[in-house]
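Subject: Structure for you to look at

Dear colleague,

I am passing on the structure below, and my notes on what was found in it follow directly after.

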Amino acid sequence: MTFFLEDISDHQENIKIPFINERNCDQLPKFVYTPHCVLKTESLLEDFESISLPCDCENICSEKCPCSSNAYYDGKLSKNYDNHTSKPIIECSDMCSCVIKCNNRVVQHGIQFPLQVFLTDRTGFGVRSTEFIPELSFVCEYAGEIIDESEAYRRLKSHTPDESNYIYVLKEHSSDNKHIQTIIDPTCIGNVGRFLNHSCSPNLFSVPIRAGSMIPRICFFAKKDILPFQELTYNYGGHCTFKKSDSRPVEPCARKCLCYSSDCCGHLPFVEYNWLK
């Protein structure tokens, strides 16, 4: 038996995103699809109220464009880009005078590869592409509700041990020793990114990017060339928090990792209770 949905995004993405289940009758959990993040409360606007100045480039932006961080090349992330040392990426916006095909516009064009949600054999629902994805190409965003710390704690406390935690916390540090924290929860309102699974040897990595707003988007790019129908994965913790050789006891809240990669740490990334601080 095959269960099939034509488009889980309900035509909100550039390309239809189907769901296919060839294993059983399990259906997707109920959630509201959104292609971009939404603010849970208007009070959060204060954290992102500043805006970048538009450029006045006549056609295609040059390297001297104030918007450009030289992060893109030929529609993909530049090989010289470093997530830790490069300047923050701010794409040109509708207020800029450059053309829509400007080199500094990538993620704002949305999903370009035909993604598909499917039922995996070990880790529940997952995501794959039916076409080849070249290295450093933009794949999709991690969209959901942007919430504050108190709401994040409330939601975490309401979770049962068997429920998945989709909350993504982005911490950005500035030169004046301040930090901006963005918390995204796609559990009830989200996009295809909520179905990406963890791997200790992932083929995607995330980059915070601002496009049309100073609210950062969590954008996934291909870490390497990805063949058609390979599952798309990222590391939930950015790095392994456990090592197979560790003699220390495993935290009781840690879940077993089922990625089965050669570099598998054995358990999913785990952080302490005060992980939002």
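Arg 154 is partly exposed, because its relative accessible area is 49%, and in this predicted model its side chain meets that of Glu 151 in a salt bridge with an N to O distance of 2.7 Å. Both residues belong to helix H1, where they lie three residues apart, about one turn of the helix.

Arg 155 counts as buried, at 10% relative accessibility, and its side chain meets that of Asp 185 in a salt bridge of 2.8 Å, N to O. Since Asp 185 lies in strand S13 and Arg 155 in helix H1, this pair ties together parts that are 30 residues apart in sequence. Asp 185 is itself buried, with a relative accessibility of 3%. These residues belong to a network of salt bridges that links Lys 40, Glu 145, Glu 151, Arg 154, Arg 155 and Asp 185, and a search of the whole structure finds 10 salt bridges.

The buried residues of helix H1 (residues 149-158) are Glu 151, Ala 152, Tyr 153 and Arg 155, and what covers them includes strand S11 (144-147) and strand S13 (179-190). Strand S13 is joined to S12 by six bridges, and the two run antiparallel; within this pairing, Val 169 has Ile 183 in S13 as its bridge partner.

Turning to the sheets, an open one of four strands has the order S1-S2-S8-S9, with mixed pairing. Its edge strands are S1 (3-5) and S9 (125-129), each of which pairs on one side only, and the twist averages 20° from one strand to the next. S2 runs parallel to strand S8 (residues 115-119), to which two bridges join it, and Phe 19 has Val 117 in S8 as its bridge partner. Asn 21, found in strand S2 (residues 19-21), counts as buried because its relative accessibility is 0%. The side chain of Asn 21 makes a polar contact of 2.8 Å with that of Asn 24, and a polar atom of the Asn 21 side chain also lies 2.8 Å from the backbone oxygen of Asp 26.

Another open sheet of four strands has the order S7-S15-S16-S10, likewise with mixed pairing. Strand S7 (89-90) and S10 stand at its edges with a single partner strand each, so one side of each is left without a neighbour in the sheet.

Finally, the largest nonpolar core has 32 residues, of which Val 117, Val 192 and Leu 232 touch the most other members. Strands S8, S9, S10 (138-141), S12 (168-173) and S16 (217-222) each supply at least two residues of this core. Apart from it lies another core, of 14 residues, including Tyr 81, Val 107, Val 207 and Ala 211.

With best wishes

Note on methods: Residues are numbered from 1 along each chain as its sequence is written. This is a predicted model: local features need pLDDT of at least 70, side-chain atom pairs count only at pLDDT 80 or more; totals for chains, interfaces and linings use all residues. Side-chain values use heavy atoms; hydrogens and water are left out. Buried means under 20% relative accessible area, exposed over 50%, partly exposed in between (1.4 Å probe, protein chains only). A polar contact is a pair of N or O atoms within 3.5 Å; within protein, one must be able to donate a hydrogen and the other to accept it, and residues adjacent in sequence count only if both atoms are side-chain atoms. Two strands pair if DSSP finds at least two bridges between them. Axes are lines fitted to C-alpha atoms, for helices over the stretch in contact, and angles run from 0 to 180 degrees between N-to-C directions. A nonpolar core is a set of buried Ala, Val, Leu, Ile, Met, Phe, Trp, Tyr and Cys residues joined through side-chain atoms within 4.5 Å. Contact means heavy atoms within 4.5 Å. A salt bridge is a side-chain nitrogen of Lys or Arg within 4 Å of a carboxyl oxygen of Asp or Glu.
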